[in-house]
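Me: I would like to learn how to read ring pairs and helix packing in a model like this one. Could you take me through them step by step?

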Amino acid sequence: MPLRHALLAAMVATIWGFNFVVITWGMHDTPPLLFAAIRFLLVVVPAIAVVPRPEAPWRVVLGVGAFMSLGQFSLLYLAIGAGMPSGIAALVLQAQIVFTIGLSAWRLGETPTRPQVAGVTLGALGLVIVALGRGGDTTVGGLLLTLLAALSWGIGNVISRSSGVKGGLSLVVWGSLAVPLPMLGLALVVDGPSAVVDALVSFDARAAASTLYTVVLATLVGYAIFNSLLARYPSAQVVPFVLIAPIAAAASGWALLGQRLSLGELAGGAVALAGLAVTMAPANRPWRRSRVSAWTPEPSMR
């Protein structure tokens, strides 16, 4: 991967890391699922009129939206709304790297190199250490919700990779059609109509600024770049950069929200991040790429 593309991947990861703090700010008086629904409604409404539909079947476009956006963020927002610390949420979400590389090997025939396997294994070990050494603010429920969000993101990554769509922005915008109405429906079921109405009436400047960041930078800019890189390079070369996000999330959470990590969480985070360095090490053999075609999920994944 050229240096300029590596720098773009690192920039996106930093934007996503700080986004965890922004989400926490925005959900101060807004239920998590409603906040997510507003985010993706604003992704779709202004952009869909000017962004051409991606040259991919609807099952692929909506599949990316269903897994990368709807599934990932409904679960992640619920976890953060339940008190999951920003840094730990960002770190545990990086289990998507393990899921993405494993699913890419299974579904797309992209065989990882030995350094990539070692790096992913080290990253997974770090996540286990985090789970075992979690502090009082990190609940088992929050961990499970975040891991399920990571699985959903990993599936979305593989669908995006298999589509071969070069224009990452078009896939993000049109895939987001699958998000607002189901997310709003979930908000009405989970939080109740009165809570949703009250939150909309009291939607303040802080929530609006948070929404603007998540829409423009974290979604339109971030996922457009990320999906474009996935279309150009094997998944195992792109997704490890996202391990930078927990550093940005933990640092900003400490500086701006006063969040502290336990010794076990810090140790596990260090091990997981070390996996990035191992994963990015030069391989002794070239990457073996197979022909990639559009992926239709198996019935168990639908």
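Me: Where do phenylalanine 73 and tyrosine 77 lie?

Reply: In this predicted model, both residues belong to helix 3 (residues 58-81), where they are four residues apart, about one turn of the helix.

Me: How should I describe the two rings as a pair?

Reply: A pair of aromatic rings is described by the distance of the centres and the angle of the planes. For phenylalanine 73 and tyrosine 77 the centres are 6.0 Å apart and the planes stand at 85°, so the pair is edge-to-face. Ring pairs also link Phe35, Phe40, Phe73 and Tyr77 into a cluster, and arginine 39 lies over the face of phenylalanine 73, at 4.2 Å from the ring centre.

Me: Is phenylalanine 73 buried or exposed, and what about tyrosine 77?

Reply: Buried means under 20% relative accessible area; phenylalanine 73 is buried because its value is 4%, and tyrosine 77 counts as buried at 0%.

Me: How do I read the packing of two helices?

Reply: Two packed helices are described by the angle between their axes and the distance between the axes. Here the axes of helix 1 and helix 13 (residues 244-257) come within 7 Å and cross at roughly 35°, and the crossing is right-handed. Among the residues making the contact are Ala13, Gly17 and Phe20 of helix 1 and Ala245, Ala249 and Gly253 of helix 13.

Me: Which classes of residue make up the contact of helix 1 with helix 13?

Reply: This contact has 12 nonpolar and five polar residues, with no charged residues.

Key:
Residues numbered from 1 in each chain as written. Predicted model: local features only at pLDDT ≥ 70, side-chain atom pairs only at ≥ 80, totals over all residues. Heavy atoms only, no water. Axes fitted to C-alpha atoms, helices over the stretch in contact; angles between N-to-C directions. Helix = DSSP H or I, 4+ residues; strand = E, 2+ residues; numbered from the N terminus. Left-handed = near helix turned anticlockwise from the far one by under 90°. Contact = heavy atoms within 4.5 Å. Nonpolar A, V, L, I, M, F, W, Y, C, P; charged D, E, K, R; others polar. Phe/Tyr/Trp six-rings, centres within 6.5 Å; stacked < 30°, edge-to-face > 60°. Buried < 20%, exposed > 50% of the residue type's maximum accessible area, 1.4 Å probe, protein only. Lys NZ or Arg CZ within 6 Å of the ring centre and 35° of its normal.
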